[in-house]
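Hello,

Here is the structure I promised to pass on to you. Have a look at it first, and then read on for what turned up in it.

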Amino acid sequence: MPANAPVNHSHMRLGRRAIKTDSRTLQLAKYISKTLPDPPPAKDWTKGITDWGMMLNDIHGCCTIAAAAHAVQVWSANMSQEITVPDSLVLSYYEKWDGFTPGNPKTDEGGVELDVLNQWQKTSFNNHKLIAYADINYLSLSQIRQAINLFGGIYIGISLPESAQKQDVWDVVPDTDPTGKPGSWGGHAVFVPKYDATTFTCITWGAPKTMTVAFWEKYVDEAHALLSRDWIATKGSPSGFGLAELKTDLSLIH
């Protein structure tokens, strides 16, 4: 895109369906001890990559799968060499985990984040396994930043406003603007591998997308820490994080 070109995402697809919760879901805060150092003021796991691939989210409402694929890209880029999940596999998992049937537009309705993460944890996503996932208090910025810092990013849901369609940086608009209503565009799932003091950056529609803290606080409504088996094996479990306790708790709910 040329410098200063107008932004228009209105033709892009979303696909995060209504939030589902489960009282058994692990809560990240339980496993973060007071001995764990505060997260750094900024963290960037993107490795400077700017082209992440559309992952079919311009033609299908497969954002819950695209976000998982972007997570794999980020993790692999920071462990050895970036692995990009091909579109054919994104489509396959959209069928298996979200119920899409090719040729039937009525089934192209997106997916539920909790359902996708449960399937990922039980099986794998193209051989990329999760030890577990845990819910994060999405309104606790320190907890959000800590999770990004520890686990290479987080998987979130946003009730996007119509105003976000034409914003280069996602930000709040005046309360009098009806296009700023949460969810007036729709729900969207993204992976967030970067933050600093005033912004968070997600990956969506093939590129990094920055949002202000004010935007986060108004529109983000679910957040999940993903404990990648390969990430933990490579990076190790941080001192002050209760991985053993988490695994014990996980075994009690399965």
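This is a predicted model: local features need pLDDT of at least 70, side-chain atom pairs count only at pLDDT 80 or more; totals for chains, interfaces and linings use all residues.

Strand 4 and strand 5 (residues 199-204) are antiparallel and share three bridges, and a hairpin of three residues links them.

Strand 4 has other neighbours too. Strand 3 (residues 154-160) pairs with strand 4 through seven bridges, also in the antiparallel sense; there, Ile-154 sits opposite Val-192. Strand 1 (residues 43-44) is antiparallel to strand 4 as well, with two bridges, and Lys-43 is partnered with Tyr-195. How much of strand 4 is buried? Nine of its ten residues (186-195) are, so the rest of the structure largely encloses this strand.

Now try finding Phe-200. Among the residues Phe-200 touches are Val-192, Lys-194 and Tyr-195, along with Leu-141, Ile-144, Arg-145 and Ile-148. After helix 4 comes Gly-152, with a positive phi near 80 degrees.

Finally, the core: the largest nonpolar core holds 80 residues, and Phe-200 is one of those with the most contacts inside it, as are Ile-154 and Trp-216. Helix 1 (residues 63-79) gives this core its largest share, eleven residues.

Enjoy exploring!

Best wishes

Key:
Residues are numbered from 1 along each chain as its sequence is written. Side-chain values use heavy atoms; hydrogens and water are left out. Helices (H or I, at least four residues) and strands (E, at least two) are DSSP runs, numbered from the N terminus. A nonpolar core is a set of buried Ala, Val, Leu, Ile, Met, Phe, Trp, Tyr and Cys residues joined through side-chain atoms within 4.5 Å. Buried means under 20% relative accessible area, exposed over 50%, partly exposed in between (1.4 Å probe, protein chains only). Contact means heavy atoms within 4.5 Å. Two strands pair if DSSP finds at least two bridges between them. Lists of a residue's contacts leave out its neighbours within four places in sequence.
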